[in-house]
Amino acid sequence: GIPTFQYLAPFVPASDTPEVRKLYEENKTVAVWLGFIEGSLTKEQKVFFDRMQAKFGSSARIEAALAYDDMMVLAAALKACPSSVSVDAECVSKNLSRTNYQGVAGLLRFDEFRLSNRPDLLIRVKNGKWEAAF
């Protein structure tokens, strides 16, 4: 009955069972999550997950959209650099810091320190489902 705080990935299959969700709900656990919550997808996100389901025959995990956006941003930064046998890390870094990418997970930007604008969400289980905590 003591409210807890959970920092590990709450959607890893081993920790996202009905039993664990029940414990989270009973203990008013608040977890940190990056991205968005299944069940609250935008139209674009739903299309992405439907396409993944059709292509691979199983539901993609939420992280798939984040990883997809990350790979598209990295690909754009690599393409913007001169072609050579090796990767020009400084060029890639500069291009990443200029990123404004509208992706599946929303607008992705980086500041001068190359930190992204992706917010951390505080989530909890209510009535057996994950929701935003605040």
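E131 is partly exposed, at a relative accessible area of 25%, where buried means under 20%, exposed over 50% and partly exposed in between, with a 1.4 Å probe and protein chains only. Its partner R124 is also partly exposed, at 29%, and the two side chains meet in a salt bridge with 3.0 Å from N to O; the term requires a side-chain nitrogen of Lys or Arg within 4 Å of a carboxyl oxygen of Asp or Glu.

This is a predicted model in which local features need pLDDT of at least 70 and side-chain atom pairs count only at pLDDT 80 or more, while totals for chains, interfaces and linings use all residues. Residues are numbered from 1 along each chain as its sequence is written, and side-chain values use heavy atoms, leaving out hydrogens and water.

## Other salt bridges

A search of the whole structure finds 5 salt bridges. In one of them D70 pairs with R118, the closest N and O atoms being 2.8 Å apart, and this pair links distant parts of the chain, since D70 lies in helix α3 (residues 63-79) and R118 in the loop between β4 (106-109) and β5, 48 residues apart. Helices (H or I, at least four residues) and strands (E, at least two) are DSSP runs, numbered from the N terminus.

## Nonpolar cores

The largest nonpolar core has 13 residues, including F36, F48 and W130; such a core is a set of buried Ala, Val, Leu, Ile, Met, Phe, Trp, Tyr and Cys residues joined through side-chain atoms within 4.5 Å.
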